[in-house]
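Welcome to this short tour. Please open the structure in your viewer and keep the selection tool at hand.

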Number of protein chains: 2
Amino acid sequence: MIGIKSIASYIPPGRIDNVEQAARFDRDEAFVRTKIGTPTLSVKAEDEETSDLCAAAVRNLLARNPELRLEDVQALVVVTQNGDAEGLPHTSAIAQRKIGLPTHVACFDVSLGCSGFVYGLYVLKGFMEATGLKNGILVTADPYSKIMDREDRLTTLLFGDAATATWLGCDPEWELGPARFGTDGAGADHLFVQDGCFHMNGRQVFNFASLKIIPHMQEVLADARMTLEDVDAVCLHQGSGAIVDAISKRLGEEGGPKVIKDMFGAGNTVSSTIPLLIERYGFDSDWRNLVMSGFGVGLSWGSALLFRRGQA
Amino acid sequence: MIGIKSIASYIPPGRIDNVEQAARFDRDEAFVRTKIGTPTLSVKAEDEETSDLCAAAVRNLLARNPELRLEDVQALVVVTQNGDAEGLPHTSAIAQRKIGLPTHVACFDVSLGCSGFVYGLYVLKGFMEATGLKNGILVTADPYSKIMDREDRLTTLLFGDAATATWLGCDPEWELGPARFGTDGAGADHLFVQDGCFHMNGRQVFNFASLKIIPHMQEVLADARMTLEDVDAVCLHQGSGAIVDAISKRLGEEGGPKVIKDMFGAGNTVSSTIPLLIERYGFDSDWRNLVMSGFGVGLSWGSALLFRRGQA
């Protein structure tokens with residue numbers, strides 16, 4: 001049974017002062033801290049490529065888990081929509097070389113945005129089980145600084161750069177429980193890139209997430225014959241302070257206090273927000289389980305349950 | 001056990017006369033027919049998007065299999081490196097809407113080139129088994145006409161546009177056997193896109209494929225305790241007439257005659273070449289099994305065995 005053994009991350013050291021940035025758009029610090037959710041945004045160096053973020057996160061994962069040797073890694077999956085190249089080759093192939101992985105590694109990229117970590121877990125677990133692989137790494141690395149228009153007040157205050165690396169293998173710390181997914185291409189034009197610049201209809205995305213995500217998590221809980229009461233933590237995609245607060249509020253007294261909120265001074269790091277939460281809060285906790293939900297570009301969403309070792 | 005139930009395709013009707021094209025580069029018809037492998041190339045209409053190719057292939061799949069209803073489709077995976085958008089959103093989300101699939105469909109794109117069908121089969125099968133889904137569609141659609149420099153004699157004679165749609169589900173016609181994969185990012189610059197144009201070092205790719213693919217297929221055969229003698233058909237990625245001939249020759253009297261060669265007047269259609277072969281030659285055959293191998297961009301390669309229903 002393949003599950004999550006460890007998670008590591010890399011947040012590049014560059015920072016944008018979000019309070020200063022907001023002042024240009026006549027927004028005050030309170031707005032930045034509550035609605036946006038972070039006073040700083042992480043940003044990669046100009047010459048740092050997506051594959052460099054991938055390699056840095058994987059190196060941190062290997063440093064944390066010396067028992068996982070390079071030659072034992074059999075699969076590398078990169079979740080990104082902002083890879084190194086224009087379309088091809090895939091970033092995971094470039095990262096394979098930079099990390100120094102052997103050539104018998106299966107590498108592919110998954111194109112998904114903020115739902116990408118939830119999808120990616122089941123894509124890689126499934127691929128490994130279907131092909132008999134024992135150790136794989138799921139990387140999230142989607143640096144929106146590459147497509148950001150710093151004059152667009154609707155997006156420049158929100159997004160930060162980060163990468164995470166999740167080791168999937170046998171005898172896991174977290175087992176993957178029921179999962180559900182969804183797609184609505186009718187909302188494809190709510191988040192898109194044109195002429196190199198990202199555009200977002202924030203209001204539409206907010207409405208979609210605040211209506212869709214709670215019932216979706218409840219369906220997944222029902223699949224496991226559980227309710228919110230049985231859950232120890234709720235790990236939502238950190239789209240913004242406002243969306244996390246809105247969903248927390250709607251979850252009421254039962255669910256709201258279980259929502260983990262932290263943008264790590266980095267911002268909305270797309271598919272990296274959920275693994276950052278689990279890395280920081282999940283492993284040293286006494287949580288027996290958690291429910292997570294990612295949502296965004298597509299529109300696309302995915303919700304799933306993780307069970308602590310022996311708690312399924 | 002999830003496997004292949006049906007395959008359909010869509011080759012757009014537009015044609016480029018390859019003999020005429022070759023004359024511009026002082027190459028004769030014999031060169032076009034033997035080294036390239038096809039006297040015509042398929043090309044999509046200017047306003048036809050990648051998602052339109054996907055939708056056309058899926059409609060042909062649904063027409064061929066009336067028992068598969070739109071509302072029964074639970075996953076749609078698109079293998080492409082030339083999607084509709086600049087990075088985001090993913091093409092599978094746009095195709096979801098164009099096809100009219102329900103919003104409870106899991107959609108994601110896999111970024112891979114000519115190895116993409118072999119990878120994609122195990123990605124989707126694994127994802128479905130990990131999440132309990134019963135019916136999924138794997139689409140290949142990578143229209144290189146979007147990135148072709150018609151003045152580049154090394155590439156403009158080779159590539160054509162096509163899409164295929166493969167229905168994965170229970171009680172399959174073809175069961176998925178052992179599979180192996182590989183990646184060598186050291187060859188990432190042998191096939192890449194820059195400033196909107198595709199570039200290829202054909203000699204390097206030819207050498208890689210002619211050396212790597214036979215031993216790789218033999219490893220997969222050994223996984224099933226089989227040899228070339230036990231195989232009914234060899235379905236290679238149709239990179240060019242020359243590479244298919246070179247591998248056939250090296251396979252000798254035992255393997256060579258089992259190699260299927262057909263570019264369908266379309267050319268090298270990237271991840272669509274292998275499913276086109278299986279659609280045309282595999283279903284009405286008496287083959288009990290086949291070995292396939294895809295290779296290209298990355299560099300990336302994947303080889304696998306398929307077993308006819310009841311022959312595993």
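How many residues does the contact take from chain A and from chain B? Select both chains to see it: 50 residues of chain A and 51 residues of chain B take part, where contact means heavy atoms within 4.5 Å.

Before going on, please note that this is a predicted model, in which local features need pLDDT of at least 70 and side-chain atom pairs count only at pLDDT 80 or more, while totals for chains, interfaces and linings use all residues. Residues are numbered from 1 along each chain as its sequence is written, chains are lettered from A and ligands numbered from 1 in the order in which they are written, and side-chain values use heavy atoms, with hydrogens and water left out.

**Stop 1: where the chains meet**

Stay with chain A and chain B. The area buried between them is about 3,800 Å², with carbon and sulfur atoms giving 64%; buried area is the accessible area (1.4 Å probe) that two parts lose on being put together, summed over both. Now highlight A:Glu86, A:Leu88 and A:Thr183, which supply 18% of what chain A buries against chain B, more than any other three residues.

Between these chains there are 22 residue pairs in polar contact (both at pLDDT 80 or more). A polar contact is a pair of N or O atoms within 3.5 Å; within protein, one must be able to donate a hydrogen and the other to accept it, and residues adjacent in sequence count only if both atoms are side-chain atoms. Next, colour helix H5 of chain A: H5(A) gives the most to the side of chain A that touches chain B, with eight residues. Helices (H or I, at least four residues) and strands (E, at least two) are DSSP runs, numbered from the N terminus.

**Stop 2: two domains in chain A**

Select 3–172 of chain A as domain 1 and 175–308 as domain 2; such bounds come from an automatic or database domain assignment. Their C-alpha centres lie 17 Å apart, and the contact takes 51 residues from domain 1 and 47 residues from domain 2. Together the two domains bury about 3,600 Å². On the domain 1 side, pick A:Cys114, A:Val118 and A:Tyr122, which supply 19% of the area domain 1 buries against domain 2, more than any other three residues.

Which side chains meet in a salt bridge at 3.1 Å, N to O? Show A:Arg64 and A:Glu279 to find that pair. A salt bridge is a side-chain nitrogen of Lys or Arg within 4 Å of a carboxyl oxygen of Asp or Glu. By this rule, the interface of the two domains has one salt bridge, whereas the count between chain A and chain B is zero.

**Stop 3: a link across the chain**

Go to A:Glu173 and A:Arg308, a salt bridge whose closest N and O atoms are 2.8 Å apart. A:Glu173 sits in the loop between E7 and E8 of chain A and A:Arg308 in strand E13, 135 residues apart.

**Stop 4: backbone details**

Most residues other than glycine have a negative phi, and most peptide bonds are trans. Zoom in on B:Leu88 and B:Pro89, joined by a cis peptide bond with omega about 0 degrees. B:Pro89 lies in the loop between strand E4 (75–79) and helix H4 (91–99) of chain B. Then move to B:Gly298 and B:Leu299, whose peptide bond is cis with omega near -10 degrees. Finish at A:Arg225, where phi is positive, near 55 degrees.
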